[in-house]
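Please read them beside the sequence and the structure.

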Amino acid sequence: LSYPSGIDLQDAFRVAMRRFAATVSIISCQHAGQPFGMSATAVTSVCIDPPAVLACINRSNATNRMLAEGVQFCVNVLRSYHSELSRHFGGSGRGFERFRYGNWAFSPEGPPTLVDAQANLLCSVDCRLEYGTHSILVGRVLRIECAQEVDVLVYQNGLYQTISPAPS
Ligand SMILES: Cc1cc2nc3c(=O)[nH]c(=O)nc-3n(C[C@H](O)[C@H](O)[C@H](O)COP(=O)(O)O)c2cc1C
């Protein structure tokens with residue numbers, strides 16, 4: 001496969017992006033007492049001082065519309081056994097329906113948190129940059145909870161996978 005001769009640039013981009021292995025998270029928030037959540041792989045660390053992450057979210061997603069500056073959200077990093085949960089939060093079902101799946105803790109003020117997540121990063125939207133079809137949200141990290149063992153769910157080439165440590 002090669003661009004420019006072989007295929008369209010956007011098709012080539014899709015193929016290349018499938019070569020990225022990415023940890024799967026569910027980004028959750030709440031608005032007017034309603035929980036929102038969506039699966040996301042486009043989440044990464046920005047810096048440690050201050051602790052911040054970024055998330056790239058399609059502007060057509062309901063969750064995106066709730067995430068104005070200052071609004072809190074949680075990055076719930078999924079475990080290896082959460083592939084079905086990720087599917088639920090990746091398209092099927094809307095709004096509160098999605099939260100029938102998974103072990104969620106709800107609070108009146110903050111975003112829902114996945115109790116058995118690999119890690120939960122509570123953030124507040126510090127800034128937003130609109131680019132093409134997506135918004136790049138920088139989340140200032142306010143609080144972190146982390147499981148002891150490392151057992152993340154990975155998405156690569158359109159498939160859920162788990163990884164084991166490389167042999168030393
Ligand atoms: C594994 C996986 C990873 C995804 N990663 C992203 C992502 O990083 N950004 C994004 O905007 N959508 C991503 N999606 C798609 C959203 O989860 C999907 O559009 C979601 O249903 C939007 O829900 P909402 O409109 O209720 O917010 C991903 C879906 C899956 C299954």
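1. Glutamate 149 has a relative accessibility of 42%, so it counts as partly exposed. Its side chain meets that of arginine 79 in a salt bridge, with 2.6 Å from N to O. The pair links distant parts of the chain, 70 residues apart: glutamate 149 sits in the loop between S10 and S11, and arginine 79 in the loop between strand S6 (72-77) and helix H3 (83-88). Arginine 79 is buried, at a relative accessible area of 11%. The cut-off for buried is under 20%. The model is a predicted one, and the values in these points should be read with that in mind.

2. Which parts does the salt bridge between glutamate 130 and arginine 59 tie together? The two side chains meet at 3.5 Å, N to O. Glutamate 130 belongs to strand S9 (residues 119-131) and arginine 59 to the loop between S5 and H2, so the contact ties together parts that are 71 residues apart in sequence. Both ends are partly exposed: glutamate 130 has 35% relative accessibility, and arginine 59 has a relative accessible area of 39%. Salt bridges with shared partners join Arg59, Arg128 and Glu130 into one network.

3. A further salt bridge lies within a helix. Arginine 14 pairs with aspartate 11, and their closest N and O atoms are 3.0 Å apart. Both residues are in helix H1, with a spacing of 3 residues, or about one turn of the helix. Aspartate 11 counts as partly exposed, at 36% relative accessibility. The structure holds 7 salt bridges, including the ones between arginine 14 and aspartate 11, glutamate 130 and arginine 59, and glutamate 149 and arginine 79. Side chains of opposite charge can pair when their charged atoms come close.

4. On the surface, Phe13, Met17 and Phe20 form a nonpolar patch, and together they have about 330 Å² of accessible area. Phenylalanine 20 is in the loop between helix H1 (9-17) and strand S1 (22-23). Is phenylalanine 20 buried or exposed? Its relative accessible area is 53%, so phenylalanine 20 counts as exposed, the cut-off being over 50%.

5. The pairing around S5 deserves a look. Strand S4 (residues 43-48) and strand S5 (residues 51-58) run antiparallel and pair over 5 bridges. A hairpin of 2 residues joins S4 to S5. Isoleucine 48 has proline 51 of S5 as its bridge partner, and serine 45 has valine 53, also of S5. S5 pairs as well with strand S10 (residues 134-146), again in the antiparallel sense, over 7 bridges. In that pairing, alanine 52 has arginine 140 of S10 as its bridge partner.

6. There is also an open sheet of 3 strands, in the order S1-S11-S12, with antiparallel pairing. S1 and S12 are its edge strands, each pairing on one side only. S1 and S11 are joined by 2 bridges. The bridge partner of threonine 23 in S11 is valine 154.

7. What volume does the largest pocket have? The value is about 970 Å³. Its lining consists of 34 residues, and Ser39, Ala40, Thr41, Ala42 and His134 are the ones nearest the pocket centre. Two or more lining residues come from each of H1, strand S3 (34-40), S5, helix H2 (62-66) and strand S11 (153-156). S3 gives the most, with 5 residues. S5, one of the contributors to the lining, is the strand that pairs with S4 and with S10.

8. The last point concerns the segment after strand S12 (159-162), where isoleucine 163 is found. Isoleucine 163 is exposed, since its relative accessible area is 60%.

Technical notes. Residues numbered from 1 in each chain as written. Predicted model: local features only at pLDDT ≥ 70, side-chain atom pairs only at ≥ 80, totals over all residues. Heavy atoms only, no water. Patch = residues over 30% accessible without salt bridge, like charges linked within 9 Å, V, L, I, M, F, W, Y side chains within 5 Å. Areas by Shrake-Rupley, 256 points an atom, 1.4 Å probe, with all protein chains shown as cover. Salt bridge = Lys/Arg side-chain N within 4 Å of Asp/Glu carboxyl O. Helix = DSSP H or I, 4+ residues; strand = E, 2+ residues; numbered from the N terminus. Buried < 20%, exposed > 50% of the residue type's maximum accessible area, 1.4 Å probe, protein only. Pairing = 2+ DSSP bridges. 1 Å grid on protein atoms, 1.4 Å probe; cavity = no way out; pocket = protein on both sides within 12 Å on 5 of 7 lines; lining within 4 Å. Points joined across faces, edges and corners; volume = space filled by probe spheres on them.
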